[in-house]
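Trainee: Here is a model with metal ions in it. Could you show me how to read the sites?

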Amino acid sequence: MEFSIIQKQPKKDQLFILDNERSLGQVDILESNEASYVKKALKDKQSLITINQYNRVIFIYLITEKDSETLTQEGIRKTGATIQALANKHKIGTLGITNLSSKPNAAYTLAEGIALANYQFLKYKSDADKSVNALQNIAFTKQSITLKEVEQLTVITEATYHTRTLVNEPLAHLTAEQLAKEISTIGKAAGLKVTVLNKARIVKEKMGGLLAVNRGSILPPTFTIIEHKPKKALNKKPIVLVGKGVVYDTGGLSLKPTLASMDRMKSDMSGSAVVTGTMYAIGKMQLPLHVIALVPATDNRPGQDAYVPGDVITMYSGSTVEVLNTDAEGRLLLADALHWAKRYEPELVMDFATLTGAAAIAVGNCGIVCMGTADEEVKNKMRESGNRQYERLVEYPLWEEYAEMLKSDIADMKNVGGRYGGAISAGKFLQHFTDYPWMHFDIAGVSFNTATSGYHTSGGTAYGLRMAVDFLMHYAKN
Ligand code: BES
Ligand code: ZN
Ligand code: ZN
């Protein structure tokens, strides 16, 4: 999707954003019978009106004010998805957008909804050229948006597309090594430094968590480090992002029941895709922040040499873990990455992971379960970003009792805490490997859609990316 700013709309397909009926008078291209048709439709409480002329389509969109600005903005984004479908139905290649409302960011938000809804993953379709969406350009009238907003829209759209594509790629293409390669390509396109640690190096470092999960696989693990280090960074100590990179989760020997529960497990690297997309965005935006991302990656399989329930492993940190369920693998490789992060003495660490079914059961696909030790002020900023981007956060407590659940008779900890409070005991496990302000985002419920819903296309959603980028952008401002 391309975005541009133009002086004057050509007499082609266009959309006008209004926030009251009076501003309809400013839509100067309607004939009088069309104008009265629109007036009547607006009176009948229609908020999106299509005028299908033989040589062009005009959309009139009246913004609906909801109970809060957060909800109003999300309504605009969702309308964007509706418009995206209509535009493609009408084979519109370039849609002109003019904002006549008093909301300065209305064109941005609407276009964001359109652009995110317009994502397609056609790589494996033989008739891809026939299925590709007609809509490829959005042209804003110059009073409707700022140049800065257009740049941001471009970056956010590209970052979201990269993230979704990484999630949508099946294991057959996206092994841990291939994930590292894709991250390198995406990272380099944004001017980032990418370093990939191979299996030999991971063995040398003694990353016991990552290696234990990898034992059942015939494919080697990787540990990828992405760095954005601008000359004039505002932070002395880096912010570190960590993403779970389980390129496929069969559960290992604690095999997942095959009936449907494995279907979406190519998406178990969504955390790594979100941090990759986030790094891409901040690199492209040249955000004045020093940020490092870590991606431990492997598939989790019940191969011949697979780790077994009952095994005791020594983690990268030196702690021992009794593995009682090989399907609780994400926390093992994340723990190694969280331990690695200590070397940077980070100001803040944020990890993203499809960590537990329990998080999905708790809030469904309506938000992110989060928890952590970051300052209250930082948490509030994260919540604000989550609301602004409608990638909302629900914070869970890290009470001491949850650590009790992880006590092992024979090792320092076990890797499962039991059925109840499963999302939290997983977070509590991770906390053990941190000694810095930290926030954990469990995106198991939101990272993957089996069907398109609004501007979230089917497959990878990139949920969490816009919250993270928004948070870092505001962090850089303060
Ligand atoms: N990758 C899964 C979590 C998951 C479940 C993500 C559903 C997306 C949708 C994770 O590795 C896992 O299997 N967790 C187990 C942990 C349990 C064995 C303690 C779970 O949640 O059941
Ligand atoms: Zn698992
Ligand atoms: Zn998993």
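Trainee: How far apart are the zinc ion (ligand 3) and the zinc ion (ligand 2), and which residue coordinates both?

Mentor: Start with the donors: N, O and S atoms within 2.8 Å of the metal (3.2 Å for Na, K and Ca); water is not among the atoms, so sites may look incomplete. Here the two zinc ions are 3.2 Å apart, and Asp249 coordinates both. This is a predicted model: local features need pLDDT of at least 70, side-chain atom pairs count only at pLDDT 80 or more, and totals for chains, interfaces and linings use all residues. Residues are numbered from 1 along each chain as written, chains are lettered from A and ligands numbered from 1 in written order, and side-chain values use heavy atoms, without hydrogens and water.

Trainee: Which residues coordinate the zinc ion (ligand 3)?

Mentor: Lys244 (NZ), Asp249 (OD), Asp268 (OD) and Glu329 (OE), at 1.9 to 2.4 Å. Their spacing in sequence is K-x4-D-x18-D-x60-E.

Trainee: How do I name the geometry?

Mentor: Check the angles. Six donors count as octahedral if opposite donors are over 155 degrees apart and all others between 65 and 115; four count as square planar on those limits, or as tetrahedral if all angles lie between 85 and 135 degrees; anything else is irregular. Around the zinc ion (ligand 3), six donor atoms subtend 77 to 174°, which makes the arrangement octahedral.

Trainee: Are Lys244, Asp249 and Glu329 buried or exposed?

Mentor: Buried means under 20% relative accessible area, exposed over 50%, partly exposed in between (1.4 Å probe, protein chains only). Lys244 is buried at 2%, Asp249 at 3% and Glu329 at 0%.

Trainee: Which polar contacts does ligand 1 have with Lys244 and Lys256?

Mentor: A polar contact is a pair of N or O atoms within 3.5 Å; within protein, one must be able to donate a hydrogen and the other to accept it, and residues adjacent in sequence count only if both atoms are side-chain atoms. A polar side-chain atom of Lys244 lies 3.2 Å from an oxygen atom of ligand 1. For Lys256, a polar side-chain atom lies 2.9 Å from an oxygen atom of ligand 1.
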